[in-house]
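Please keep the sequence and the coordinates at hand while reading.

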Amino acid sequence: MAAQSFDTVVIGAGPGGYVAAIRAAQLGQKVCIVEREHMGGICLNWGCIPTKALLRSSEVFHLMERAKEFGLKADNIGYDLDAVVKRSRGVAKQLSSGIGHLMKKNKVTVIMGSATIPGKGKVKVETDKGTEELTAKNIVLATGARARELPGLEADGKRVWTYKAALQPPHMPKKLLVIGSGAIGIEFASFYNTLGADTTVVEVMDRVLPVEDEEISKFAKKAFEKQGMKILQKAMVKKLDRAADKVTAHIEIGGKVEKHDFDTVISAVGIVGNVEGLGLEALGVKIDRTHVVTDEYCRTGVDALYAIGDIAGAPWLAHKASHEGVMVAELIAGKHPHPIKPNSIAGCTYCHPQVASVGLTEAKAKEAGYKVKVGRFPFIGNGKAIALGEPEGLIKTIFDEKTGELLGAHMIGAEVTELIQGYVIGQKLETTEEDLFETVFPHPTLSEMMHEASLDAYGRVIHM
Ligand SMILES: Cc1cc2nc3c(=O)[nH]c(=O)nc-3n(C[C@H](O)[C@H](O)[C@H](O)COP(=O)(O)OP(=O)(O)OC[C@H]3O[C@@H](n4cnc5c(N)ncnc54)[C@H](O)[C@@H]3O)c2cc1C
């Protein structure tokens with residue numbers, strides 16, 4: 001059979017790949033997307049979406065436990081873990097099948113199978129029905145990433161899990177160890193701790209959520225500990241002894257190794273790019289520590305071969321993958337898109353309380369040589385936060401003293417993952433302190449704290 005030919009073949013249908021395919025089709029290209037497992041990638045099936053569905057259940061559970069505070073009655077509060085997981089899987093399935101409809105609507109050819117690149121402009125796909133050969137003027141690699149596994153700490157799906165098992169738990173952990181306090185580790189810690197698991201988090205760095213501003217990390221630690229979590233910082237899990245009913249973790253802390261028993265361990269120690277078996281080495285694609293090296297336009301250095309999303313490196317976030325997808329599709333179509341600005345990608349963690357940030361931390365801003373003005377506003381000073389029963393939280397802003405440019409914003413508290421976008425738009429529009437002062441924020445909203453945190457940086461805060 002003659003090879004089918006396309007303007008663009010996208011490999012991988014995660015939020016990077018499927019968005020690239022849609023944008024390329026919108027721009028008039030003949031597009032094919034190849035996916036070996038599930039439309040929507042990790043994000044829709046095993047990442048962003050199903051975790052948020054689980055966390056919503058634990059959030060509602062937590063609110064039910066607090067019913068009395070709101071003048072409500074709720075007796076015999078409990079949960080059915082199987083039903084919680086079923087809901088999460090259902091949400092993932094609904095969204096994943098929605099991607100199939102979007103492909104159809106945009107006339108993107110979908111081939112389910114595993115792709116390799118046997119040569120420039122060629123894609124070979126192994127499907128259930130045999131091999132398909134494609135030719136492509138452009139190839140977009142969007143094969144994503146998978147959980148990193150450390151020697152001795154490998155997941156077994158029974159008592160030691162990575163995110164896939166943690167999303168479909170074979171049992172409810174009673175005594176849980178979470179290794180790693182990045183967004184993924186902390187979200188699972190938050191979910192299981194809220195449902196009653198005795199949860200310990202071990203972090204090798206000197207603070208939880210180590211990429212966040214130091215003050216936010218400290219605030220988060222206190223909040224998690226108040227909820228009963230144990231947090232071990234500057235600590236390292238060296239070894240796991242596995243038995244049928246327990247796992248003994250050897251944890252190095254303060255120069256000593258302590259042994260602690262758990263019934264379940266979640267390993268959340270980062271991810272590795274899916275770079276293997278694609279034929280990249282033969283094409284001359286540069287790979288650095290499991291990620292494809294690209295320039296700011298996601299070009300690999302090999303003509304007409306692009307890499308986007310998790311396979312192209314940090315930050316490993318769905319919205320970064322999608323944005324790169326759009327940029328690459330436009331570049332291929334001869335448009336002149338802007339590359340993503342460093343520090344413009346917000347990070348969100350959907351634990352309780354939520355954490356969100358964009359731009360430079362205070363320490364990073366100072367390291368970069370800025371003289372900074374820092375503002376803070378606590379949730380306890382905000383009417384809406386009190387009315388919601390969510391007085392725990394903080395918003396912190398960092399401005400360049402010289403120009404008034406908003407360098408960074410850092411938040412912890414209810415719904416901050418929704419609020420952060422206000423600052424993201426502000427930064428994109430190169431907002432200064434004056435623009436933020438002159439913006440009228442609706443009342444009563446949590447967003448008023450974004451105003452106040454900006455005013456505070458200049459000694460003009462109102463409600464504090
Ligand atoms: C538990 C968890 C929670 C997360 N939560 C968030 C969050 O809240 N917000 C956020 O922004 N990010 C979150 N992420 C990260 C997010 O899921 C990723 O950044 C995002 O999915 C990356 O998109 P991608 O398109 O690069 O790759 P992926 O989503 O990984 O998709 C890659 C696709 O390529 C396919 N593929 C791989 N190799 C081949 C091949 N050879 N042939 C054909 N197909 C192939 C794979 O099957 C996969 O479907 C989370 C991740 C995890 C694990």
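The model is predicted. The domain assignment divides the protein into domain 1 (4–147 + 272–342), domain 2 (160–269) and domain 3 (353–456). Taken over C-alpha atoms, the centres of domain 1 and domain 3 lie 31 Å apart. Contact between these two domains involves 4 residues of domain 1 and 5 residues of domain 3.

β23 and β24 form a hairpin with 5 residues between the strands. Gly404, in the turn of this hairpin, has a positive phi of about 80°.

**Salt bridges**

How many salt bridges does a search of the whole structure find? The search finds 27.

| Pair | N to O distance | Relative accessibility |
|---|---|---|
| Lys396 and Asp213 | 2.8 Å | Lys396 1%, Asp213 2% |
| Glu390 and Arg66 | 3.9 Å | Glu390 15%, Arg66 14% |
| Arg299 and Asp295 | 2.7 Å | Arg299 38%, Asp295 31% |

Lys396 forms its salt bridge with Asp213. Lys396 belongs to strand β23 and Asp213 to the loop between β10 (198–202) and α7 (214–226), so the pair ties together parts 183 residues apart in sequence. Lys396 is buried because its relative accessible area is 1%, and Asp213 counts as buried because its relative accessibility is 2%. Both residues also take part in a network of salt bridges that links Asp213, Glu215, Glu362, Lys366, Arg376 and Lys396.

Glu390 and Arg66 meet through their side chains. This pair links distant parts of the chain, 324 residues apart: Glu390 is in the loop between α11 (383–388) and β23, and Arg66 is in the loop between α3 and α4. Glu390 is buried at 15% relative accessibility, and Arg66 is buried at 14%, given that the cut-off for buried is under 20%.

**A surface patch and a buried glycine**

Leu63, Phe70 and Leu72 make a nonpolar surface patch of about 250 Å². Leu72 is found in the loop between α3 (48–65) and α4 (81–105). Is Leu72 buried or exposed? Leu72 counts as exposed because its relative accessibility is 52%, and the cut-off for exposed is over 50%.

Gly41 is placed in helix α2 (residues 41–46). At 7% relative accessibility, Gly41 counts as buried. Which residues does Gly41 contact, leaving aside its neighbours within four places in sequence? They are Ala13, Gly14 and Trp46. Gly41 and Val272 are 231 residues apart along the chain, and their C-alpha atoms are separated by 15 Å.

Terms used:
Residues numbered from 1 in each chain as written. Predicted model: local features only at pLDDT ≥ 70, side-chain atom pairs only at ≥ 80, totals over all residues. Heavy atoms only, no water. Pairing = 2+ DSSP bridges. Helix = DSSP H or I, 4+ residues; strand = E, 2+ residues; numbered from the N terminus. Patch = residues over 30% accessible without salt bridge, like charges linked within 9 Å, V, L, I, M, F, W, Y side chains within 5 Å. Areas by Shrake-Rupley, 256 points an atom, 1.4 Å probe, with all protein chains shown as cover. Salt bridge = Lys/Arg side-chain N within 4 Å of Asp/Glu carboxyl O. Buried < 20%, exposed > 50% of the residue type's maximum accessible area, 1.4 Å probe, protein only. Domains from an automatic or database assignment. Contact = heavy atoms within 4.5 Å.
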